[in-house]
Amino acid sequence: MTTTLIKNGTVVTATDSWRGDIFIDDETITQLGVAIDRQADQVIDASGRLVIPGGIDVHTHMDLPFGGTVSSDDFETGTIAAAHGGTTTIVDFAVQDRGQSMRKAWDTWMGKAEGKAAIDYGFHMIMREFNPELGREMKDMVGEGVTSFKLFMAYPGVFMMDDAGIFAAMQRSGEVGATICMHAENGGVIDVLVKQALERKQTDPKYHAITRPARAEAEATHRAIALAEMANVPVYIVHLTASEALAMVTEARDRGVPAYAETCPQYLFLDYTNYEEPGFSGAKYVMSPPLRAREKQDDLWRGLAGDDLQIVSTDHCPFCIKEKELGLGDFSKIPNGAPGVETRLSLLHDGGVRTGRISLHRWVQICSTAPAKMFGMFPKKGTIAPGSDADIVIWDPEKVLKLSHETLHMRCDYNPYEGRTVVGAPEVVLSRGRVVVDKGTFKGKPGSGRYLRRAPRAI
Ligand SMILES: [Zn+2]
């Protein structure tokens, strides 16, 4: 059994900040103290550094078949990139195919991750349909630690379910103690707008955004919350982008409805004008929902500061340029998604903490603690406390990092933030007590990540 002592750091959790030491027995934090006087096999000096719980990204798509291709990071490259950025846990999405059992889908995704993942991982389950057999299986899935189900109100013919199916799946989710994750955009309306745009020969990447209006997101968000309220189940809106949609979440929360939402760094730091970059370059930013107007970003920041938005995840779903080119001449064929799993903590530290929009504690909360609590991983994950997994990041708050696909580790030949300089980056990253990244060098092992059996929701 290896013992580790992290000395002299400023430990920052969602609630506390103190200067001192952390003792780790093998994989687990066993002692916190101001000055721990014990021998350890490895000693890490964290003087002048922050010591934070490892990041938790509850929205990634590794090795996902989508849009006529497959996302370019698999569980090995994607989790190594995550670790470089200070993320030590991901919750990815397994996908149930029409006519297929969820057990089969879960087995498939377990197979994709096994022997590859370098950090711990769990799964949500995407349901494309609902029937009594799948209803029975939802309980089995909860038993396997898949305690959240994702439904879509967009992508007709691919992922979209109608309101009846959504409502039935929600009711069942409430019965089995699971949470509903919702992609909230009105897919029917968007389909009509897309067809009309293509008929007008409006084929450039920017029409992806123009055909997915903020009101289509707000309408679906409102409907998702209303359906969940009637079905008596908590609902978590994934990748919320529009202030109009945030207003729906805020209204529901003010009435005491268990409605939650995440946003993603791209919606805080990029905007509609990126689609107007020359040539086909706008395709790099094609994702759903799309980037919105810059002047609306303050609303998202206010939501994050005031807890109407609880989590920032990434929706990491990278495609290389040649894959994006499937949509040359037809924006609707551009694979939706972009890389992001590696840059979340640094972007939010630089653009959130250093600008005073959120506190250090709020940063830890939205990047680690809240995701752990929302999705049944707390207190094993998401904090620094005796008994918790030693998923720890030694964070250098002054480190200057230039973001570029050439130096980042995600398997993608572009980066949406290319050339942007951020301040604050991981120095050492530990996953269950093992150093996985040391000063920019990967020291971990593919396959050492463990499947997380997540708990049913507590409320
Ligand atoms: Zn997604």
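Which residues are linked in a network of salt bridges? Select E27, D120, K380, K381, D389, D391, R432 and R450, for these residues form that network. A salt bridge here is a side-chain nitrogen of Lys or Arg within 4 Å of a carboxyl oxygen of Asp or Glu. Side chains of opposite charge can pair when their charged atoms come close.

The model is predicted, so local features need pLDDT of at least 70 and side-chain atom pairs count only at pLDDT 80 or more, whereas totals for chains, interfaces and linings use all residues. Residues are numbered from 1 along each chain as its sequence is written, and side-chain values use heavy atoms, with hydrogens and water left out.

**Within the network**

Keep D389 and K380 selected: their salt bridge brings the closest N and O atoms to 3.4 Å. D389 is buried at 6% relative accessibility, while K380 is partly exposed at 44%. Buried denotes under 20% relative accessible area, exposed over 50%, and partly exposed in between (1.4 Å probe, protein chains only).

**Salt bridges at helix α2**

A search of the whole structure finds 36 salt bridges. Select next D63 and K112, whose side chains meet in a salt bridge at 3.8 Å, N to O. This pair links distant parts of the chain, 49 residues apart: D63 is in the loop between β6 (55-60) and β7 (65-66), and K112 is in helix α2 (residues 102-113). Helices (H or I, at least four residues) and strands (E, at least two) are DSSP runs, numbered from the N terminus. K112 counts as buried, at 16% relative accessibility.

Then move to R103 and E144, where the N to O distance of the salt bridge is 2.6 Å. R103 belongs to helix α2, and E144 to the loop between α3 (132-143) and β11 (148-152), 41 residues away in the chain. R103 is partly exposed, at 30% relative accessible area, but E144 is buried, at 15%.

**Backbone stops**

Select S288 and P289 to view a cis peptide bond with omega of about -10°. P289 sits in the loop between α9 (265-269) and α10 (297-306). Continue to F378 and P379, which are also joined by a cis peptide bond, here with omega near 5°. The loop holding P379 runs between α13 (360-374) and β16 (392-402).

Finally, inspect two residues with positive phi. N8, not a glycine, has phi of about 65°; N8 lies in strand β1 (residues 3-12) and is partly exposed, at 29%. K201, likewise not a glycine, has phi near 65°. K201 is located in the loop between α5 (187-199) and α6 (206-210) and is exposed, with a relative accessible area of 67%.
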